[in-house]
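Reader: I am new to this structure and would like to go through it slowly. Could you take my questions one by one?

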Amino acid sequence: MITFQAKTQGHQTATLILLYKDTTGKAQHPLIPKDVTEPIKDLAEKKQFDGDKGVLFPLMINDQLYLLVGLGKQKDATPTSIRIVVRQACLSAYLKNTPSAEIIPADHETETIIAVIEGILLGTYTWDKYITPPKENAPIKDKDYVIITKKKKTYEDSIVICAGTNFTRDLVNDNADTVHSEFLEKTVRDVIKGHKNTKLTVFGRKELKARGMNLHLAVNQGSRYEPKLIIVEYNGDKPNNKYSAIVGKGITYDTGGLNLKPSGYMETMRMDMGGTASVIGTMQNILALAPKKNILFACGIAENAIGPGAYKPGDIIKSFSGKTVEVANTDAEGRLVLADALSYLTETYKIKRVIDIATLTGACVVALGHDYTGLMSSQDDFAQKMLTSAQATDDRAWQLPIYPELKNAVKSKIADIRNLGFAKGAAGTITAGEFLRQFTNDVPWAHLDIAGSAWVDGADRMYFGHGATGASVRLLTHFLRNH
Ligand code: BES
Ligand code: ZN
Ligand code: ZN
């Protein structure tokens, strides 16, 4: 838990003092307790601690633990670097058995305080549901942090947004046979419970069939779970104002289908519902923050499994939109589910813009790695607004092109369109984007490919540990509140 206090009380079991390198020696900060001002100056003079980035220096004064935390030079500190260092400090051995800590930030810019909050709440998130805790000396979880600064509404919002982000991470991290379509439907029901300005629609196999959403059905044919399209209308504004819509890829497991993924490529594919999980986390945020907007949240859920019923490479399938699709590869399944969802939403509702979010292509991981989400849009000013939200929230995105000639890349000889790009290994991310664009009924559209950014393997990246990151939840929450 995080709370705010204008002045230090010294009651907490530890006090973290964040210091920039250039000002450490002066220890000029009025909030720094008198007891430590002299020792800090002393240490700086002796060059034992002078605020180098990431350096932690514990001090025990009058039975109180002070942890000096170096942020590096102020001019070099970024919102990202502050998050990273705060995370390191909170996870350090010095705080292992500390139930509560006070944090004195190095300045009181809103951006800095939000970096501290996210460094704590996103940085100390761990996925340990299946780890048996040690009987003795288990690290204390759910610590109480007191940030010494004036409380602001934006900080309370920031705490809400971190909770939504971590909720998304929980959904992505858990087993595919736990987080199946039924579970996700129940999750959505729980999130919207008590919110009178929401309306839920759930299509199962029967409803999808009745509407001709055959792409979505085809992907799920090998699964024992039911496919689902879940739609939540959030009506925060006047009814005549059009919706912004977000729709997430929700492949609860992606084996690749009959174009089966090899070992080494399948093991993390329970994360292939990351788009849907980000939609659900964003929805939880929006319901809590209650902006005056009309927003549609949609989740296209299926499992890409193998079995006698599985759809087959070479199949031609008629989509909801009426276009026929050649399934050149059953592993390019996300775009099929999203295509039906996008055309259904844009045809059925009054929508002013639609954003899809998906762990769509391995090519995006190759192009951008794990630190940036791939962003594509049919309209440049739309993309610019999304990039502004990415920057404001430190939830990074990088724009890739969509242009008229790309149409040729998804042409088929035997159907209206093909689910695979024309040349193997060439521009897999933007050809997938172009495929989706053709199902948007010319509604302004943006596409977030989170294949790389939704998941970190092994080594820590930025301020995330192993596993799900909740990619684009902060970005989408910011965008939807502001546009
Ligand atoms: N879910 C994968 C994309 C993916 C790969 C997400 C790695 C996260 C990490 C997607 O359904 C897929 O398999 N895409 C294929 C498309 C190809 C067959 C055109 C890919 O990227 O190889
Ligand atoms: Zn796939
Ligand atoms: Zn997939």
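Reader: Is Glu333 buried or exposed?

Author: In this predicted model, where local features need pLDDT of at least 70 and side-chain atom pairs count only at pLDDT 80 or more while totals for chains, interfaces and linings use all residues, side-chain values use heavy atoms, with hydrogens and water left out. Residues are numbered from 1 along each chain as its sequence is written, and chains are lettered from A and ligands numbered from 1 in the order in which they are written. Buried means under 20% relative accessible area, exposed over 50% and partly exposed in between, with a 1.4 Å probe and protein chains only. Because Glu333 has 0% relative accessibility, Glu333 counts as buried.

Reader: Which residues coordinate the zinc ion (ligand 2)?

Author: Donors are N, O and S atoms within 2.8 Å of the metal (3.2 Å for Na, K and Ca), and since water is not among the atoms, sites may look incomplete. Along the chain, the donors of this zinc ion follow the spacing D-x76-D-x1-E. At 2.0 to 2.2 Å, the zinc ion (ligand 2) is coordinated by Asp254 (OD), Asp331 (O), Asp331 (OD) and Glu333 (OE).

Reader: Which residue coordinates both the zinc ion (ligand 2) and the zinc ion (ligand 3)?

Author: The zinc ion (ligand 2) and the zinc ion (ligand 3) lie 3.2 Å apart. The residue that coordinates both is Asp254.
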